[in-house]
Amino acid sequence: MDVIYILWLRQMKRYVRSRSRVLGAIGQPILFLLALGYGLGSVYKRAGQGNFLQFLVPGIIVQTILFSGVFWGIQILFDKRFGFLKEMLVAPVSRLRVLLGNALGGATISFFQGIFVLVISVALGFRPYNWAYLLVSLLVMIALCLALTSFGAGLASIVEDFQGFQGINNFIIFPLYFLSGALYPLTNVPTFLRILSEANPLSYCVDAMRYTMIHQTHFGLLKDLIVLFITVVVCMAFAVNRFNRIQA
Amino acid sequence: MSEPIIAAEDVVKRFGEITAVDSISFEVKAGEIFAFLGPNGAGKSTTISMLTTMLRPTSGKLMLNGHDVTKEQDSARKSFGIVFQDPALEEELTAYENMVIHAVLYHIPKAERAGRIEELLKLVDLWERRDSYVKTYSGGMRRRLEVARGLMHHPKILFLDEPTLGLDTQTRNLLWDYVERLSRREGMTIFFTTHYLDEAEAVADRIAIIDHGKIVATGSSVQLAKQTKTETLEGAYLELTGKEVRDETSLSNDGLNVRTARRNERLR
């Protein structure tokens with residue numbers, strides 16, 4: 001327990017001490033929120049869909065957590081290339097505990113980023129449909145944080161350099177994001193887009209957030225939660241499996 | 001004390017087609033200062049990586065302090081401290097915080113931590129700077145911090161992988177001073193690699209020279225010179241490993257650690 005805690009604490013200290021990172025990670029989603037929320041808001045309203053900001057916030061929170069998770073994966077890659085990972089790997093503790101301490105640290109950071117964006121959204125005028133349901137949204141956020149940090153740790157174990165990581169970012173993370181329905185409703189989209197979106201686990205997460213925050217759903221909450229649960233388990237298995245094989 | 005504290009038996013490490021370490025065997029006695037020399041890519045770092053449980057040998061047997069390195073990893077890990085070739089410190093934390101993480105990772109009881117950390121930081125003259133971020137440290141200070149950290153859990157063996165690379169002469173001397181004192185005072189076994197032959201000559205009780213993944217000679221610097229009918233360790237070294245310059249090919253995951261050599265053009 002001590003080992004997991006100290007490795008978690010290290011992540012927290014690093015995070016709190018780098019203010020530029022905190023701001024940078026929140027700045028982007030806020031920009032999306034402002035540009036899209038206000039920019040497309042009137043079009044959305046004219047199309048008879050109501051308030052676009054309300055619609056957008058759940059997706060933007062997912063975006064925040066997604067990109068924060070990627071950033072965290074880069075951090076693990078840094079540790080791998082510039083040494084500190086070795087310090088952790090030659091210590092007489094199991095790989096699983098090293099992974100857990102680090103991943104929990106990453107997940108906590110992502111969760112806080114998501115909370116920040118939620119608070120700012122409320123300040124901008126966002127109102128959840130039911131404050132009590134928001135507690136379920138928080139659970140969904142935690143699950144997503146765990147899935148993404150695990151995914152990031154698994155990837156960082158395989159990838160050897162930053163360019164490789166950048167490629168994965170462009171070819172996996174962005175498509176996942178744009179096909180998740182975070183920015184537009186999935187009703188009435190062309191068939192090919194619908195198929196891609198339905199195959200994308202992130203869509204279900206966005207949908208769960210939307211259900212619990214503004215009471216709109218495409219797939220239904222039960223289906224969302226089942227997919228989310230499977231995603232978390234698969235990502236964790238991936239991380240444990242890959243992390244155990246790192247040789248330095 | 002006849003049982004060797006480090007023993008390698010027919011150890012082989014292959015990366016695909018390339019054999020980085022080719023069936024080496026050696027023993028190090030407890031309390032000995034043992035130097036591992038060789039050209040770039042000869043297999044030094046690969047050997048250290050295997051000894052310190054980071055790489056699994058393709059075949060052969062490695063024993064540390066009576067523990068099989070591949071089978072009893074945790075016991076083997078508790079037996080040694082290591083100073084890596086590339087600094088493995090957390091720069092965003094203070095020296096003290098780095099020490100605390102290490103203490104926890106090596107299961108130092110909470111009651112002993114503060115005292116042990118103070119003692120070690122004082123030993124390497126960093127106590128006054130304990131609350132500075134490591135990113136503000138010079139290269140020499142980082143090395144000293146790493147040595148202090150490596151000693152935290154009273155290891156029987158200290159591995160130093162090119163510990164003086166990039167350090168000035170004053171810092172090098174200081175570092176070897178610590179190491180020699182430790183070896184004498186606590187009977188600690190020291191296993192180090194270096195490219196500075198004068199260091200090996202001055203500090204090491206025994207030297208092994210590795211080239212193309214094979215150990216080509218072992219002995220004291222005097223013995224090595226005698227064996228090769230040369231005057232100095234440098235003479236012996238060049239006699240044994242030739243005068244060719246090596247091109248390194250990086251093989252490891254991180255591209256820094258494990259290297260092998262390819263023959264290059266002859267020096268004119």
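The term pLDDT denotes the predictor's confidence in each residue, on a scale from 0 to 100. This is a predicted model, in which local features need pLDDT of at least 70 and side-chain atom pairs count only at pLDDT 80 or more, while totals for chains, interfaces and linings use all residues. Residues are numbered from 1 along each chain as its sequence is written, and chains are lettered from A and ligands numbered from 1 in the order in which they are written.

Helices (H or I, at least four residues) and strands (E, at least two) are DSSP runs, numbered from the N terminus. In chain B, helix α3 (residues 95-105) has the highest confidence, at a mean of 96, and strand β12 (residues 259-263) the lowest, at 32. Residues 251-268 of chain B have pLDDT below 50; beyond near neighbours in sequence, this stretch makes 55 contacts in the model. A contact requires that the C-beta atoms of two residues, placed from the backbone, lie within 7 Å. Chain B as a whole has a mean pLDDT of 85, with 91% of its residues at 70 or more. The scores of the model are ipTM 0.85 and pTM 0.86.

Between the chains, 26 residues of chain B meet 24 residues of chain A. On the side of chain B that touches chain A, α2 (73-79) and α3 of chain B are the elements that give two or more residues.

Helix α1 (residues 2-17) of chain A has buried residues A:Val3, A:Ile4, A:Leu7, A:Arg10, A:Gln11 and A:Tyr15. Because they cover an arc of only 130° around the axis (taken from the directions from the helix axis to the C-beta atoms), they lie on the same side of α1(A). A residue is buried if 20 or more other C-beta atoms lie within 10 Å of its own, exposed if 12 or fewer, and partly exposed in between, with C-beta atoms placed from the backbone. On the other side of α1(A), A:Val16 and A:Arg17 are exposed. The cover over the buried residues includes α2 (19-39) and α6 (95-124) of chain A, together with α3 of chain B.

In strand β8 (residues 189-193) of chain B, 5 of 5 residues are buried. B:Thr189, B:Phe191 and B:Thr193 point one way, and B:Ile190 and B:Phe192 the other way. Two strands pair if DSSP finds at least two bridges between them. The pairings of β8(B) are as follows.

| Strand of chain B | Bridges to β8(B) | Direction |
|---|---|---|
| β3 (residues 33-37) | 4 bridges | parallel |
| β7 (residues 157-161) | 5 bridges | parallel |

Within these pairings, B:Phe36 has B:Thr193 as its bridge partner, and B:Leu160 stands opposite B:Phe192.
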